[in-house]
Structures are given as structure tokens and as C-alpha cells.
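Me: I am new to this structure and would like to know what the terms used for it rest on. Please go through them with me.

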Amino acid sequence: DIDKFKTSLQKRINRQSIAKIINNKAFWKYDFYVNNFVLDPRPETELIIEEVLNIYKNKNLKLKILDIGTGSGCLAISLAKEFKNAIITAIDISQEALEVAAKNVKKHDCGNQIQLKLIDFKYINSEFDLIVSNPPYLTNEQFNNTDPEVKNFEPKLALVGGDDGLKYYREYSKTLQNLMNKKANFVCEIGINQRYDCEEIFQNSGLLLNNIVNDIQGIARILSF
């Protein structure tokens, strides 16, 4: 135990996050396996779950859900637990991330509800009741200036959203309407100070901005369409 502790302590001194050292991170009501191929789930992202629960009061609905950029699978699994009749397609462009998600799906016994797919959302050919996403939204500069815990131990692919951090919102504004049925909702996380840029991006998307949710610091974090 002492050896194990010393090894873990050295990793922490080297600025590896505790979640990455112990391969475990709590999110919503559950624990998730994490490694260097996925983001550690953040508390702000739980606001997506809260917003979905605000939209759909009836937890027995047979929702058809798409989770774009599922990573560890934390959003898809948490939603599967809340909505027992939901069928969820959880997609990612990282094979390694999907392997982590598969571990978590198995761990939480959600295999009958969640289908994992290695695919870019632009090639999805189906309609959903609900789409959720926590896309990469850092700029290259923000990524370079971020803490070593993030920069050295989390996947850049899951963090950087192009030069200005807004790449995926632009793509969503062009594509998502085709993936949503008439009464569908889209709930996504945004970065600090991205609210007004995102509002502008989605202005002509055919999606109607319905709600903006602030995190506990009062920063606009979740957009609900």
C-alpha cells in the first residue's frame, strides 16, 4: 500500500488529476471509469442532465436520444438511468474513447439501452427526440494555457474546437435540424464567453433557443434549443 501510495503521490506531483490516477470520476449519481483517452466528466456538464429533466417531466417516455461526442459515456448512461425506456445512440470519432464508454456501459448495465458507434455526426441518417452534446470548445491558445492536468493528460481531440473554439457549433447549426424530429430538443454545453457567439451562429439554423442555463459561477454554460 505504501508503494502504491508513493506511486500515486508522484503522479499527482507531476500534475496528473486524481481521477486519472485512480481511473475513476463521479458524475451525476454514478462513478465512471476514465483514462487519458477521455475527459474527466465536469460538474458543469451535469447541467445538461438537469435541463433535460426540466424539459421532459415524464421519465417513462420512450425517447430516442443522440449523444454526440460521448467520451466516457457519462451523459448517455446518466440519461439511460433517468429515462428507463429511452434508446440512446452514443457516438464518438475516437475508437479509444468508445472503448472507455463500452466499459462504463457494461459497468452500469445499460447495454440494452445504449448503442455505441464510431461515426461523425454528419453521417448519421436518423431523427431523434433529443440530442445532447458537450463538444470541444477551447481555442488552441486556451488549450496551450490550460492546467497541466488538462493539457498533459486529457485528449486534445475532446477539448479544442478549432482556432476560435466555435467549430462544432457552426457544424451543429448547419446539420442538426436534419437529425431532429418536429418536437425535438437539443441541449449542449458551451465555453466561457461563448454565449453571444453561439446565439449568433444558431440564429439562422432553424433551431429556436429556448433556455440558457448558468453554472454556479453565473457563467452561461448550457444552451437549450
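Reply: Buried means under 20% relative accessible area, exposed means over 50%, and partly exposed is in between, with a 1.4 Å probe and protein chains only. This is a predicted model, in which local features need pLDDT of at least 70 and side-chain atom pairs count only at pLDDT 80 or more, while totals for chains, interfaces and linings use all residues. Residues are numbered from 1 along each chain as its sequence is written, and side-chain values use heavy atoms, with hydrogens and water left out.

Me: Why is Asp120 called partly exposed?

Reply: Asp120 has a relative accessible area of 22%. Partly exposed lies between the buried and exposed limits, so Asp120 is partly exposed.

Me: What makes the link between Asp120 and Lys122 a salt bridge?

Reply: A salt bridge is a side-chain nitrogen of Lys or Arg within 4 Å of a carboxyl oxygen of Asp or Glu. The closest N and O atoms of Asp120 and Lys122 are 3.3 Å apart, so the pair meets the definition. Lys122 is partly exposed too, at 38% relative accessibility. By this rule the count comes to 13 salt bridges.

Me: What makes a set of residues a nonpolar core?

Reply: The residues must be buried Ala, Val, Leu, Ile, Met, Phe, Trp, Tyr or Cys, joined through side-chain atoms within 4.5 Å. The largest such core has 31 residues, of which Ile68, Ile131, Tyr169, Tyr172, Leu176 and Phe186 touch the most other members. Strand E3 (64-68), E6, helix H8 (167-175), E7 and E9 each give two or more residues to this core. E7 gives the most, with 4 residues. A second, separate core of 28 residues includes Phe27, Phe32, Ala76 and Ile222. In soluble globular proteins, nonpolar side chains tend to be buried together.

Me: Which residues is Phe186 in contact with, beyond its neighbours within four places in sequence?

Reply: Contact means heavy atoms within 4.5 Å. Among the residues that Phe186 contacts are Ile131, Tyr172, Leu176, Phe202 and Leu223.

Me: Why is Ala80 called buried?

Reply: Ala80, in helix H4, has 0% relative accessibility and therefore counts as buried. Ala80 and Gln113 are 33 residues apart in sequence, and their C-alpha atoms are 6.7 Å apart in space.

Me: How do you know that strands E3 and E4 pair?

Reply: Two strands pair if DSSP finds at least two bridges between them. E3 and strand E4 (residues 87-92) have 5 bridges, in the parallel sense, so they pair. The bridge partner of Asp67 is Ala90 in E4. In E3, 4 of its 5 residues are buried. Thr89, in strand E4, is buried at 11% relative accessibility.

Me: Why is Asp109 called exposed, and where is Asp109 found?

Reply: Asp109 has 66% relative accessibility, so it counts as exposed. Asp109 is in the loop between helix H5 (95-107) and strand E5 (114-118). Its phi is near 55°, a positive value in a residue other than glycine.
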